[in-house]
Amino acid sequence: QVPFTEVLDLVRGRKVFLSRGFAYVPKDDMISILITHYRAHLSQQLAMTSRALPQLEEDNRLLPMLSGLSKRYLGQDYSSKKSNVGKITAEMIDSLSKQSFPPCMQNLHQSMKRDHHLKHGGRMQYGLFLKGIGLSLEEALRFWRTEFTKAMDGDKFDKQYSYNIRHNYGKEGKRADYTPYSCNKIIMSNAPGPGDNHGCPFRHTDADLLAQKLRLQGISKDFTDKIMKYTRDGHYQIACKYYFDATHSGVEEPDVNINHPNQYFDESQHFYSGKKEAKLPNTPARTGSQRSSQNTPRSQLSQNSQPTSQNTTVDDDMMDDDLCMAAMETA
Ligand code: SF4
């Protein structure tokens, strides 16, 4: 029983019994009372904040924090999946990428296998994601070394690239425990340039090319239409959620929203473990057939229409990790 003014929407819809100025709200409609209180509280606080704004603007400690608030990721940090550390090996990454990686990470994995190299933005995005799924530092070094040394000698890898990997794990520089990038960060910052492979395919791929790639992957017309609609409307994470649904047939949680690539991975693993399939694949030796299977439809959502070449490797080598890390730390 509440004053009828607290549930005007229910009164308007003739959904409540009214008597002597009170509305008798059924249990199922209690949300309406909550919404009214929340709305009143919010508008009161907004009014107070707007009065305080002139003072806040004078405080240069608060303003950057406030202006960045809407872009902040407040979910789980996924800095490393402790339960998986030691269970994920370098050899498992290839099969995991086909089964459970979101499109952005599939794209980075395929680009690395194709070029035996990734530029700095890609190494950061992919390296931290792998750390987040539970790849230990030793396995990460082995994983990157195996692939990069197909196109360069081991000495060059050790000098120019292993520092970056150890840095991601907090073993170099200021020894910070870097966290994997959220969708928001991937979508909103550091857009990929020519020859880059990082970013979000839904945000950074030409729409026609993306639609073509979805069709090539065997995604149904219904799902392709939905994904493309949300992509065009700028709702990239919703598009990704529909991509998840399309590639995990029979998914039972229609309301799962994707806000982090590592969350996508966890949801996918959860889905497969629920289906009583192996939660983590066995550790097969990488074979020629596995490598050629990069070209299977499931793994064709590559975001960059510009083919990378040896030239991009040369460009990137000029921007080696020591320089990048030093710049980041100085900043
Ligand atoms: S929405 Fe997030 S998880 Fe999905 S592809 Fe984009 S960045 Fe990756």
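This briefing describes a predicted model of a protein chain with a ligand, grouped by topic. Local features are reported at a pLDDT of at least 70, side-chain atom pairs count only at pLDDT 80 or more, and totals for chains, interfaces and linings use all residues. Residues are numbered from 1 along each chain as its sequence is written. The protein chain holds 18 helices and 3 strands; these are DSSP runs (helices H or I, at least four residues; strands E, at least two), numbered from the N terminus.

**Overall build**

- Of the 331 residues in the protein chain, 32% are buried. A residue is buried if 20 or more other C-beta atoms lie within 10 Å of its own, exposed if 12 or fewer, and partly exposed in between, with C-beta atoms placed from the backbone.
- Among contacts in the protein chain with a separation of 6 or more, 66% join residues 24 or more positions apart. Two residues are in contact if their C-beta atoms, placed from the backbone, lie within 7 Å.

**Ligand shell**

- The shell around the ligand has 15 residues, of which Pro102, Cys104, Cys183, Cys200 and Cys240 come nearest. A residue is near a molecule or strand if its C-beta atom, placed from the backbone, lies within 6 Å of it.
- Two or more shell residues come from each of α5 (103-115), α10 (183-188), α11 (201-204), α14 (236-247) and α15 (261-274).
- By class, the shell comprises 14 nonpolar residues, 1 polar residue and no charged residue. Here Ala, Val, Leu, Ile, Met, Phe, Trp, Tyr, Cys and Pro count as nonpolar, Asp, Glu, Lys and Arg as charged, and the others, Gly among them, as polar.
- Cysteine 240 lies in helix α14, and it counts as buried because it has 27 C-beta neighbours inside 10 Å.
- Not counting residues up to four places away in sequence, cysteine 240 touches Pro102, Pro103, Phe202 and Ile258.
- The C-alpha atoms of cysteine 240 and asparagine 259 are separated by 9.3 Å, although these residues are 19 apart along the chain.

**Nonpolar core**

- The largest nonpolar core has 43 residues, and Leu130, Cys200 and Ala239 touch the most other members. Such a core is a set of buried Ala, Val, Leu, Ile, Met, Phe, Trp, Tyr and Cys residues joined through C-beta atoms within 7 Å.
- The elements giving two or more residues to this core are α4 (93-100), α5, α6 (120-133), α7 (137-148), α10, α12 (207-216), α14 and α15.
- Leucine 130 touches Ile93, Leu135 and Ala140, with residues up to four places away in sequence left out.

- Helix α5 is mostly covered, with 11 of its 13 residues buried; among them are Cys104, His109 and Asp115.
- The end C-alpha atoms of α5 are 18 Å apart, in agreement with the 18 Å that its 13 residues should span at 1.5 Å a residue. The expected span is 1.5 Å times one less than the number of residues in the helix.
- Histidine 116 follows α5 and has a positive phi, near 55°.
- Helix α6 is also mostly covered, as 13 of its 14 residues are buried.
- Just after α6, glycine 134 takes a positive phi of about 115°.

**Strands**

- The 3 strands form an open sheet in the order β1-β3-β2, with antiparallel pairing. Two strands pair if DSSP finds at least two bridges between them.
- The edge strands, each pairing on one side only, are β1 (2-3) and β2.
- Strands β1 and β3 (residues 22-24) run antiparallel and are joined by 2 bridges; proline 3 stands opposite phenylalanine 22 in β3.

**Loop residues**

- Arginine 14, in the loop between α1 (8-12) and β2 (17-19), has a phi near 50°, a positive value in a residue other than glycine. Arginine 14 is exposed because it has 8 other C-beta atoms within 10 Å.
- Asparagine 190 lies in the loop between α10 and α11, and its phi is also positive, near 55°. With 15 C-beta neighbours inside 10 Å, asparagine 190 counts as partly exposed.
- Tyrosine 73 lies in the loop between α3 (62-67) and α4. It is partly exposed, with 14 other C-beta atoms within 10 Å.
- Leaving aside neighbours within four places in sequence, tyrosine 73 is in contact with Ser182, Asn184 and Lys185. The C-alpha atoms of tyrosine 73 and tyrosine 181, 108 residues apart along the chain, are separated by 9.3 Å.
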